[in-house]
Structures are given as C-alpha cells and as structure tokens.
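Please read the following report alongside the sequence and the coordinates. It takes up selected residues, backbone features and the ligand site in turn.

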Amino acid sequence: MQPSDYITLEEQYGAHNYHPLDVVLERGQGVWLYDVTGKEYMDCLSAYSAVNQGHCHPRLVQTMIEQAQRLTLTSRAFRNNKLGQLYQRLHDLTGYDLTLPMNSGAEAVETALKAARKWGYQVKKVAPDQAEIIVCEGNFHGRTIAIVGFSSEAQYKEDFGPFAPGFKLIPYGSAKALEAAITPNTVAFLVEPIQGEAGVVMPPAGYLREVRQICDRHNILFMADEIQTGLGRTGQLFACDHEGVRPDVMIIGKALAGGFYPVSAVLASKAVLGLFRPGDHGSTFGGNPLGAAVAIEALAVLTEEKLIENAYELGEYFQERLAEIPSPHIKEVRGKGLLIGMELKPEAGGARRFCEALQERGILCKETHQHVIRFAPPLVIRRKEIDWALQHITEVLNMK
Ligand SMILES: *Cc1c(COP(=O)(O)O)cnc(C)c1O
C-alpha cells in the first residue's frame with residue numbers, strides 16, 4: 001500500500017474530526033519516527049507531550065509485554081497488585097496524599113470538577129447546586145460536554161449544547177480578575193500553568209503565586225491541569241514548581257504512561273479526595289494493572305534517566321537558539337523547558353505551511369491555532385539532535 005492508500009482509508013471510513021499532516025507513521029524509537037516509505041522524521045510534538053519518555057522506550061516495551069502476559073484488567077470490583085504501588089510512587093514523587101486514577105485527561109478533569117463540587121458542599125458548606133468553578137479564557141481541558149461547555153473557543157462548543165451550568169470564565173493571567181470573580185459560592189479555580197493548546201501562552205511571572213494566595217484567602221481550591229505541562233515537560237516535575245507553588249488538586253495524564261496506555265490521575269489531599277465514598281465515581285479501566293505497571297515504569301524512566309533535568313537544560317538552549325533565528329516571519333518565541341511556542345506574524349500566512357515544509361525536511365511539528373508552531377520533542381532528545389533540527393527550522397523560516 002502507498003501512503004495515499006492509507007490516507008484514503010482514513011478519509012473514507014473515519015469521522016473527520018482532525019486535520020492531520022499527511023504523514024503515515026508506522027514505527028518510532030526515541031525522538032525518531034518512520035513513515036510507511038521508511039522516511040525518518042524527528043518528532044517535535046511528542047503526541048501533545050504524551051511521549052515525554054520517547055517512542056517505544058525499551059523499558060516500557062518490556063513492562064508492557066510482561067504485564068500483558070500476566071494480567072490486564074480486573075476492574076475495581078477487585079484489587080490488583082499494581083495499583084497500590086502506583087499510588088505509593090505518586091505519593092513519594094509529588095507529596096500528595098491520595099490518587100484517583102482514570103484513563104484520558106478529560107476524565108481526570110471531570111473527576112477534579114466533581115471532587116471540587118463535593119468539597120464545596122461538604123466542607124465549605126455551599127448551598128446545594130450552587131457551586132461555582134472559575135476557569136480561564138483560552139483554556140483547554142478536554143472534549144467532554146461539561147468541559148467544552150466552559151471553553152472560550154467557539155468551534156469546541158458549536159452545536160454541542162446545552163451545557164452544564166456552574167462555570168465562570170475570566171481572562172488568563174489576571175490575578176485581579178480571579179479575585180473579582182470569586183463569590184461565596186466559588187469552590188475552585190481550574191487553570192493550566194501554561195496554556196498549551198491555546199498556543200503555549202505564558203501567564204505573567206508571579207501569577208501562580210498570586211493565585212495560590214487568593215485561593216487561600218477565599219477558601220477555594222486551586223486546581224492545576226498539568227496534563228500537558230506536567231511530568232517534566234517544562235524542566236520541572238510540574239510547571240507550578242517554577243514558582244514554588246503547590247496546587248490543592250493536581251491533574252495529570254498524557255506522559256504518565258509514556259504514550260503506551262491512557263492513564264490519567266487526580267492527586268490531592270485527604271481533605272479533598274478523601275470525600276469520595278464507594279459508588280460516588282468510577283471507571284471500568286481506571287486503575288487497571290496494565291496501565292498501572294506501565295505508569296510505574298514510566299515515572300521511573302523520567303527520574304532515573306534525568307529527563308526533567310534534560311528538559312530544563314536543552315529546553316533553555318533550544319528556546320534561545322530559536323529566538324536567535326533571523327526570519328521576517330517570527331513574532332515571538334516563548335515557553336518553558338521543552339514546551340516552546342513560536343508565534344508567527346499574521347503576514348506569514350499561517351503556521352500550517354511552515355509545518356508542511358518542516359515535514360518535507362523530516363521534522364514533525366503541528367500548528368496550534370493559526371499562527372503558532374509548537375516545538376515539544378520527547379525529553380530524551382540530545383543537543384546534537386536539536387542542532388540538526390535548528391538548521392532546518394532556520395531554512396524553513398526563511399522561505400518566502
Ligand atoms: C490533552 C489535554 C487534556 C485532555 O486530555 P485527553 O487525554 O485528550 O482527554 C486536558 N488538559 C490539557 C491541558 C491537555 O493538554
């Protein structure tokens with residue numbers, strides 16, 4: 001089969017809810033991907049930061065095979081011998097008391113929203129059905145109906161209503177707006193420390209520290225969605241660590257199982273997650289032994305291979321070098337660690353054509369919104385690989 005045959009199959013028999021670059025991949029190793037013709041590409045997206053550990057990491061392959069041969073799914077009707085170990089590992093790594101495991105990121109966000117409301121009614125004593133949760137313009141927290149209901153992106157919501165009430169949108173990066181939006185019924189503030197899908201949008205320095213203080217002052221939960229920014233991507237375990245801030249509720253997913261399996265989780269104190277009783281919430285696949293085993297190993301790879309430190313060092317290097325590229329098209333380069341956004345000027349004609357030109361040269365990037373190219377390679381990348389990419393990126397950004 002030719003690449004075009006695979007593409008035709010997808011187009012003919014699948015819903016068209018994505019607009020992918022037309023590269024048909026069949027194999028990956030570390031930062032490198034290979035298409036069905038054998039052409040090699042550097043991955044600069046990492047499946048939206050789900051493969052921080054690199055493609056097909058040998059330790060994760062081994063764990064996956066061994067666990068798949070033993071036991072894959074018990075449901076939570078029974079216990080399994082991996083889940084408790086994952087909980088302990090997350091506790092040791094992050095300091096949070098408790099974990100609630102789910103699968104996709106959106107499910108973990110939904111879980112956090114439920115936890116915040118329950119805490120609001122049971123602990124803060126908000127009147128029944130009055131709880132409010134504050135979120136930010138430009139947010140991306142997933143695709144369920146409740147979550148898109150509080151998106152500010154028209155396309156995410158169009159023709160999907162009616163939506164759940166109880167959410168309030170404020171501008172991102174404004175501590176003042178947060179304080180002004182709080183009412184006695186506010187139970188939580190849900191925020192991304194860097195907005196990935198919005199185009200690697202950075203809040204002003206000190207924002208998260210102010211958020212922490214405001215949440216404390218008004219007795220509301222600070223909930224961080226670190227599904228994309230967490231687990232080393234920005235050069236710290238969590239992006240909130242850059243400001244030394246500890247949210248009450250931490251939401252993780254994506255790289256938690258290194259791209260092998262969907263595993264997400266909500267981490268919080270006993271005062272929050274301790275409120276769930278049997279039957280309140282659940283998931284058939286959440287906490288399964290296959291996902292748990294791979295997640296345990298994926299976290300071990302992250303720390304033992306010093307991937308967070310590598311993201312810090314090489315992220316700084318990559319971002320500095322990208323910012324030095326002389327090009328009439330670049331408006332701004334921004335980011336933290338290996339989560340970097342390059343915003344192009346409107347006159348550049350959109351980021352898509354640059355992504356297509358990079359694809360030609362063996363670099364896979366995806367535009368986010370119209371004018372931003374995101375550079376987020378697996379955290380196992382090496383300096384000489386970045387140097388190789390920079391040559392091509394420089395040339396592409398000097399196209400007419
Ligand atoms: C990807 C992402 C999600 C949604 O995760 P899914 O696994 O796609 O449901 C939520 N929040 C953020 C910040 C993300 O980047």
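## A buried asparagine in a loop

With a relative accessibility of 0%, Asn-52 counts as buried, because buried means under 20% relative accessible area. In this predicted model, Asn-52 belongs to the loop that runs between α2 (46–49) and α3 (58–70). The side chain of Asn-52 has a polar contact with another side chain, that of Arg-233, at a distance of 2.7 Å.

## The ligand and its surroundings

The ligand sits in the largest pocket, and the residues that surround the ligand are Ser-104, Gly-105, Ala-106, Phe-140, His-141, Gly-142, Glu-192, Asp-225, Ile-227, Gln-228 and Lys-254. When this shell is divided by residue class, three of its members are nonpolar, five are polar and three are charged.

On the backbone side, a polar atom of Gly-105 lies 2.8 Å from an oxygen atom of the ligand, while a polar backbone atom of Phe-140 is found 3.3 Å from a ligand nitrogen atom. The side chain of Gln-228 also takes part, with an N or O atom placed 2.8 Å from an oxygen atom of the ligand. Taken alone, the ligand exposes 380 Å², and the protein buries 81% of that area.

## Backbone geometry in the loops

Which peptide bond is cis, with omega near 0°? The bond in question is the one from Gly-161 to Pro-162, and Pro-162 itself is located in the loop between α7 (154–157) and β6 (167–170).

Positive phi values are found at Lys-125 and at Val-200, neither of which is a glycine. For Lys-125 the angle is about 65°, and this residue lies in the loop that joins α5 (105–122) to β5 (132–136). For Val-200 phi is near 50°, and the loop in which Val-200 lies is the one between β7 (186–191) and α9 (207–218).

Is each of these two residues buried or exposed? Lys-125 counts as exposed because its relative accessibility is 63%, and the cut-off for exposed is over 50%. Val-200, by contrast, counts as buried because its relative accessibility is 0%, and the cut-off for buried is under 20%.

## The end of helix α4

Thr-94 is part of helix α4, which covers residues 83–94. Its relative accessibility is 11%, and Thr-94 therefore counts as buried, given that the buried class lies under 20%.

## Helix α12 and a distance across the model

Ala-323 has its place in helix α12, which is made up of residues 307–323. Ala-323 is exposed because its relative accessible area is 53%, and exposed residues are those over 50%. Along the chain, 262 residues separate Ala-323 from Val-61, and the C-alpha atoms of these two residues are 37 Å apart.

Technical notes
Residues are numbered from 1 along each chain as its sequence is written. This is a predicted model: local features need pLDDT of at least 70, side-chain atom pairs count only at pLDDT 80 or more; totals for chains, interfaces and linings use all residues. Side-chain values use heavy atoms; hydrogens and water are left out. A residue is near a molecule or strand if one of its heavy atoms lies within 4 Å of it. A polar contact is a pair of N or O atoms within 3.5 Å; within protein, one must be able to donate a hydrogen and the other to accept it, and residues adjacent in sequence count only if both atoms are side-chain atoms. Accessible areas come from the Shrake-Rupley method with a 1.4 Å probe; for residues, only the protein chains shown count as cover. On a 1 Å grid over the protein atoms alone, a cavity is a set of points where a 1.4 Å probe fits but cannot get out, and a pocket is an open set with protein on both sides within 12 Å along at least five of seven lines; lining residues have an atom within 4 Å of a point. A molecule sits in a cavity or pocket if more than half of its atoms lie within 2 Å of its grid points. Ala, Val, Leu, Ile, Met, Phe, Trp, Tyr, Cys and Pro count as nonpolar, Asp, Glu, Lys and Arg as charged, and the others, Gly among them, as polar. Helices (H or I, at least four residues) and strands (E, at least two) are DSSP runs, numbered from the N terminus. Buried means under 20% relative accessible area, exposed over 50%, partly exposed in between (1.4 Å probe, protein chains only).
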